[in-house]
Amino acid sequence: MRPVGRGLCLGIETSCDETAAAVVVGDGTVQSSAVASQAHLHAQYGGVVPELAARHHVAAVLPTVDRALEDAGVAWEDLDLVAVTRGPGLPAALLVGVAAAKAIAYARGLPLVGVNHLAGHVYAHALGVPPGVGPDPLPRPAVCLVVSGSHTDLCLLPAEGGLTLLGTTVDDAAGEAFDKVARLLGLGYPGGPALDRLAAGGDPAAVTLPRTHRPMAGPRRPDPRLVAGPFAFSFSGLKTAVATRLDNGPDVPPADLAASFQAAVVDVLVTKTMAAADAYGVGTVLVAGGVAANSALRRTLQAACASGGRQSRFPPPDYCTDNAAMIAIAGWVAHRQGRRDGWDLDAEPNLPLQLP
Ligand code: KG4
Ligand code: ZN
């Protein structure tokens with residue numbers, strides 16, 4: 001093993017519909033990040049088909065690892081660590097990555113670390129900007145909004161370390177709402193990026209849509225503080241309002257409806273994130289996950305932070321959506337904190353957001 005911070009980690013990610021592999025140095029420098037998207041396979045079904053996703057990962061995982069090594073210009077014997085997403089995600093899809101990572105680590109005699117996918121999204125903030133090699137490269141204290149296709153989690157990163165979950169969604173995740181509304185508008189799958197593009201030419205004030213700032217407690221999450229408190233989210237009513245408007249008219253240009261929907265989601269996300277930053281007196285706001293690539297969210301949150309004298313940080317768009325570089329850097333952090341998983345490492349489809 002090379003000196004701390006100089007070693008190379010192979011990261012593997014197969015939690016949903018991207019097969020990804022990356023080689024990342026311990027200081028956050030990305031040597032390669034290969035992503036093989038399956039989106040075209042699932043598009044005809046309007047969403048991810050789990051069985052199809054797992055089968056495609058089986059076919060794609062080793063070629064994607066090969067590509068990551070080749071792009072990085074490194075050989076198997078140059079690797080020092082293997083990190084893999086262990087959850088949350090689709091069970092059969094996760095198992096493919098976990099099995100591949102175990103086989104590689106076993107064959108090469110390398111340490112293996114299982115990574116929480118959502119922590120990976122958060123640690124995308126430690127990529128590319130050499131943060132040094134302290135035990136935890138995240139800026140602290142900070143509020144962090146994690147918005148993906150399956151999660152909407154608002155959390156606090158306290159100065160002393162760790163993570164406190166402040167609120168989550170009672171129903172649809174933000175990305176799920178984007179995908180469902182995009183489907184209603186006939187934009188195909190995955191809908192978020194297409195809706196973002198369509199909304200750019202629309203009027204966000206054209207249609208009045210509900211902002212659910214205080215959702216009712218729902219049955220899906222057991223902790224009433226997280227589902228009913230000020231930092232809980234709900235997006236299914238907004239999606240229904242768009243569907244109702246489409247069914248009952250009057251007709252509205254699709255770009256205007258897309259822009260109005262996007263403005264409503266962004267308004268709720270930004271209002272709650274800024275309220276959390278106020279409540280906890282922190283000056284740094286991080287956003288992570290696929291929806292962090294959304295242009296309106298980036299613009300609006302940046303403006304809200306700037307006007308309140310705060311710093312906002314978004315990873316580059318390629319590190320917002322699923323990738324294995326974020327898994328590799330989170331693997332380094334866990335490894336430096338002493339984590340090493342055994343050959344009994346298993347997929348954990350329902351893992352909640354936790355840092356290593
Ligand atoms: O983090 P991610 O790649 O996968 C999960 O862990 O779920 O997030 C995917 C989600 C999808 O719902 C996709 O539509 C959404 O992120 N997304 C966007 C944009 N890019 C990706 N949503 C809105 N605007 C975008 N530009
Ligand atoms: Zn993700």
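This is a predicted model: local features need pLDDT of at least 70, side-chain atom pairs count only at pLDDT 80 or more; totals for chains, interfaces and linings use all residues.
## Ligand 1 site

Ligand 1 is surrounded by 18 residues (a residue counts if one of its heavy atoms lies within 4 Å). G149, D179, D196, N294 and D322 are the closest.

- A side-chain N or O atom of H121 is 3.0 Å from an oxygen atom of ligand 1.
- G175 uses a backbone N or O atom, 3.1 Å from an oxygen atom of ligand 1.
- G290 places a backbone N or O atom 3.0 Å from an oxygen atom of ligand 1.

## Helices α5 and α8

Helix α5 spans residues 174–184 and helix α8 spans 236–248 (helices are DSSP runs of H or I, at least four residues). Their axes lie 10 Å apart, at about 5° (lines fitted to C-alpha atoms over the stretch in contact; angles run from 0 to 180 degrees between N-to-C directions). So α5 is roughly parallel to α8 (under 35 degrees).

K180, V181 and L184 of α5 meet K239, V242, A243 and L246 of α8 (heavy atoms within 4.5 Å). This contact has 5 nonpolar, no polar and 2 charged residues.

## Helices α2 and α3

Helix α2 (residues 50–72) packs on helix α3 (residues 91–108) at about 30°, with axes 9 Å apart. They are therefore roughly parallel.

From α2, A54, H57, V58, V61 and V65 meet A92, A93, V96, A100 and I104 of α3. The contact holds 9 nonpolar residues, 1 polar and no charged.

## Basis

Residues are numbered from 1 along each chain as written, and chains are lettered from A and ligands numbered from 1 in written order. Local features need pLDDT of at least 70, side-chain atom pairs need 80 or more, totals for chains, interfaces and linings use all residues, and side-chain values use heavy atoms, without hydrogens and water.

Note on methods: Helices (H or I, at least four residues) and strands (E, at least two) are DSSP runs, numbered from the N terminus. Angles under 35 degrees count as roughly parallel, over 145 as roughly antiparallel, 65 to 115 as roughly perpendicular and the rest as oblique. Ala, Val, Leu, Ile, Met, Phe, Trp, Tyr, Cys and Pro count as nonpolar, Asp, Glu, Lys and Arg as charged, and the others, Gly among them, as polar. A polar contact is a pair of N or O atoms within 3.5 Å; within protein, one must be able to donate a hydrogen and the other to accept it, and residues adjacent in sequence count only if both atoms are side-chain atoms.
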